[in-house]
Amino acid sequence: EQTVEYPEKPEKPSIGTSAVDGTSKNHVGEAGKSITIIDTVSYKNLEVGKTYKVPGILMTKDAEGKAIKYLDAAGNEVHGEASFKAEKADDTVDVTFSFDGSNLSGKTLVVYEELFLGTDLIADHKDIDDEEQTVEYPEKPEEPSIGTSAVDGTSKNHVGEAGKSITIID
């Protein structure tokens, strides 16, 4: 009856992310009309049985290294979202982003995620320099090509004289 307890506060919820290109399954993809990025969001310290929402947005770096919203080939922001009921306090959930990435060549995308319980923002992960939440789309090198110029071995031009033994130099 004379005791007062002060239990430890539970740790705050937190999230971390690992984004990959849906085709290559790693942090480097190839620009194209139909792009999918899968961001695996790891969460910790959630209340089991509660329903959470994880919205995300794609960002890119400007020339000074600052985060700006990425706009797809149609000029739209790219969002993804997952809702889930926590079955464990610590687990993962995937957030998928699908869009026209025809303009991605030479860009690096970074996924920013937030975690909501109802309307309350309880955690986020927004680090423009985090390599785990980054997917690169390098510029495509030009396709190899060749050209030829054939000449007659005797005349050294494109007109030769028919005969038993001729040489063409290409």
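The paragraphs below go from strand pairing to aromatic pairs and then to the cores.

This is a predicted model, in which local features need pLDDT of at least 70 and side-chain atom pairs count only at pLDDT 80 or more, while totals for chains, interfaces and linings use all residues. Residues are numbered from 1 along each chain as its sequence is written, and side-chain values use heavy atoms, with hydrogens and water left out.

Strands of a sheet pair through backbone hydrogen bonds, either parallel or antiparallel. Strands here are DSSP runs of E with at least two residues, numbered from the N terminus, and two of them pair if DSSP finds at least two bridges between them. By that criterion three strands make an open sheet in the order β1-β2-β6, with antiparallel pairing. Because β1 and β6 stand at the edges with a single partner strand each, one side of each is left without a neighbour in the sheet. From one strand to the next the twist averages 20 degrees, where axes are lines fitted to C-alpha atoms and angles run from 0 to 180 degrees between N-to-C directions.

Within this sheet, strand β1 (residues 14-21) is joined to strand β2 (residues 32-44) by 8 bridges, and Val-20 stands opposite Ile-38 in β2. On the pairing of β2 with strand β6 (residues 91-101), 10 bridges are found, again in the antiparallel sense, and Gly-32 has Gly-101 in β6 as its bridge partner. Another antiparallel pairing joins β3 to β5 through 7 bridges, with Thr-51 opposite Lys-85 in β5.

Buried means under 20% relative accessible area, exposed over 50%, and partly exposed in between, with a 1.4 Å probe and protein chains only.

The aromatic residues can be taken next. How many aromatic pairs does a search of the whole structure find? The search finds 3, where rings of Phe, Tyr and Trp (its six-membered ring) pair if their centres lie within 6.5 Å, and planes under 30 degrees apart count as stacked, over 60 as edge-to-face and the rest as tilted. The rings of Tyr-43 and Phe-84 have centres 4.9 Å apart and planes at 20 degrees, so this pair is stacked. The pair links distant parts of the chain, since Tyr-43 lies in strand β2 and Phe-84 in strand β5 (residues 79-85), 41 residues apart. Tyr-43 is buried, at a relative accessible area of 4%, and Phe-84 is buried as well, at 11%.

An edge-to-face pair is formed by Tyr-70 and Phe-99, with 5.7 Å from centre to centre and 65 degrees between the planes. Here too distant parts of the chain are linked, with Tyr-70 in the loop between β4 (67-69) and β5 and Phe-99 in strand β6, 29 residues apart. Tyr-70 is buried, with a relative accessible area of 1%, and Phe-99 counts as buried at 7% relative accessibility. One aromatic cluster is made up of Tyr-43, Tyr-52 and Phe-84. Lys-53 lies over the face of Phe-116, at 5.6 Å from the ring centre; a charge sits over a ring if NZ of Lys or CZ of Arg is within 6 Å of the ring centre and within 35 degrees of the ring normal.

The interior is described by nonpolar cores, that is, sets of buried Ala, Val, Leu, Ile, Met, Phe, Trp, Tyr and Cys residues joined through side-chain atoms within 4.5 Å. The largest has 27 residues, and those with the most contacts inside it are Ile-37, Leu-58, Phe-84 and Phe-99. At least two residues of this core come from each of β1, β2, β3 (51-61), β5, β6, β7 (107-117) and β9 (134-137). Apart from it lies another core, of 5 residues, among them Ile-57, Val-110, Tyr-112 and Ile-128.

Leaving out residues up to four places away in sequence, Phe-99 touches residues including Ser-34, Ile-37, Leu-58, Tyr-70, Asp-72 and Leu-109, where contact means heavy atoms within 4.5 Å. Ser-34 is found in strand β2 and counts as exposed, at 66% relative accessibility.

Methods
Helix = DSSP H or I, 4+ residues; strand = E, 2+ residues; numbered from the N terminus.
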